[in-house]
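Dear colleague,

Please find below the structure that I am handing over to you. My findings follow directly after it.

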Number of protein chains: 2
Amino acid sequence: MAASATPRPPRADARRNRARILAAAEAVFPSSGVSTPVEEVARRAGVGIGTVYRHFPTKEALFEAILVRRIERLADEAGALSSTTDAGAAFFELFTRIVEDAAGRKAFADALSRAGVDVKAATSAAGQNLLAELGAFLARAQQAGTVRHDVDLDQVVALLVGACLAAEHDNMDRGLRARALAIVFDGLRPEASR
Amino acid sequence: MAASATPRPPRADARRNRARILAAAEAVFPSSGVSTPVEEVARRAGVGIGTVYRHFPTKEALFEAILVRRIERLADEAGALSSTTDAGAAFFELFTRIVEDAAGRKAFADALSRAGVDVKAATSAAGQNLLAELGAFLARAQQAGTVRHDVDLDQVVALLVGACLAAEHDNMDRGLRARALAIVFDGLRPEASR
């Protein structure tokens, strides 16, 4: 019995099922929110309801996992960005993607909060990981000379929080959001490169 | 009876009482919120409870008036600023004051929202007035050459919304808020004046 205390790595089909359940739940959420029946999620994912509950004991756990996955996906995209985009542009691109994703994330976060989940605690690890990525992007952009050397990650995060909250607020027009962000980015650039 | 349909201007003592009630309510709110008994507000204002109810028929009306007054006060300060500060600096000063006031305003706004008040509608006129002031400050700062000519009021408001929401969020440290705002302001400045 002692051996079972060490969790085995999930088999490939279990990982696949988990991903399909999450994708299905994410797809139905915008129309039905947390009131979506778990049966509907299982049907769309093409798995039995027992499989859903094996991966996510409660509906809150399922929606929490969607939120964490959204943040992890941004971190994955960051990994891809850093290998395909030059360091100077990559920082601004990652900042923009995080802001663009904010409005969608908020709907999940609000639904979870209403269901009594401590969203901050639930997303803490994924959020810290994403911020660490952003910090690395900042350092590289500063080395490349596209971001001022006197700017630190705390300032960047404060600006990011403001931009994300503004993006969520009243569903701000996408064009205006981009124009407002352009001003913030100009403020982050060394004078000579504006 | 027709004459009484035209509201008479409030007498000086009525205006004074109204101001004292608002000041008392604003002073007790941070510790007691909307659950503050109206009796306590009346006692602190040095008026009878009937006087409170004559000015503010419901507690919601009282707290709504506090919120409106906070916004009006910012507009009043703007009037003073424009006569004592040069146009270039005045725009950044007004922007900063609105952000600094945001955290305090939010507590009232949230309490009112929970009490079922449509905060946006309640503060619409005062908010529009303040934004008109900000627009005039922006135009003067652009004439004075301290704000870029290619920036419009929509962008400024989008940045202001983000800065206010960030200031409210997790009670962001005042020093960090100022350092983040400095970056936004640099983005608003013409390159030559940074």
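**Domains of chain A**

In this predicted model, the C-alpha centres of domain 1 of chain A and domain 2 of chain A lie 28 Å apart. Domain 1 covers residues 11-57 and domain 2 covers residues 67-193. Four residues from domain 1 of chain A and four residues from domain 2 of chain A make up the contact between them. On the side of domain 1 that touches domain 2, three residues are nonpolar, one is polar and none is charged.

**Helix 4**

Helix 4 of chain A comprises 26 residues, 59-84. From its first C-alpha to its last, helix 4 reaches 37 Å, close to the 38 Å expected at 1.5 Å a residue. Its buried residues are Leu62(A), Phe63(A), Glu64(A), Leu67(A), Leu74(A) and Ala78(A). Among the elements of chain A that cover these buried residues are helix 1 (12-32), helix 5 (87-114) and helix 6 (119-144).

**The two chains**

Chain A is superposed on chain B by a rotation of 180° with 0.0 Å of shift along its axis, at an RMSD of 0.1 Å. This is the relation of a two-fold axis.

The contact between the chains takes 23 residues from chain A and 23 residues from chain B. On the side of chain A that touches chain B, the elements giving two or more residues are helix 7 (153-168) and helix 8 (174-188). By class, that side has 13 nonpolar, four polar and six charged residues. Of the interface residues of chain A, 100% are also interface residues in chain B, so the copies meet through the same surface.

With kind regards

Methods. Residues are numbered from 1 along each chain as its sequence is written. Chains are lettered from A and ligands numbered from 1 in the order in which they are written. This is a predicted model: local features need pLDDT of at least 70, side-chain atom pairs count only at pLDDT 80 or more; totals for chains, interfaces and linings use all residues. Helices (H or I, at least four residues) and strands (E, at least two) are DSSP runs, numbered from the N terminus. The expected span of a helix is 1.5 Å times one less than its number of residues. A residue is buried if 20 or more other C-beta atoms lie within 10 Å of its own, exposed if 12 or fewer, and partly exposed in between; C-beta atoms are placed from the backbone. Two residues are in contact if their C-beta atoms, placed from the backbone, lie within 7 Å. Copies are superposed by least squares on the C-alpha atoms of residues with pLDDT of at least 70 in both. Ala, Val, Leu, Ile, Met, Phe, Trp, Tyr, Cys and Pro count as nonpolar, Asp, Glu, Lys and Arg as charged, and the others, Gly among them, as polar. Domain bounds come from an automatic or database domain assignment.
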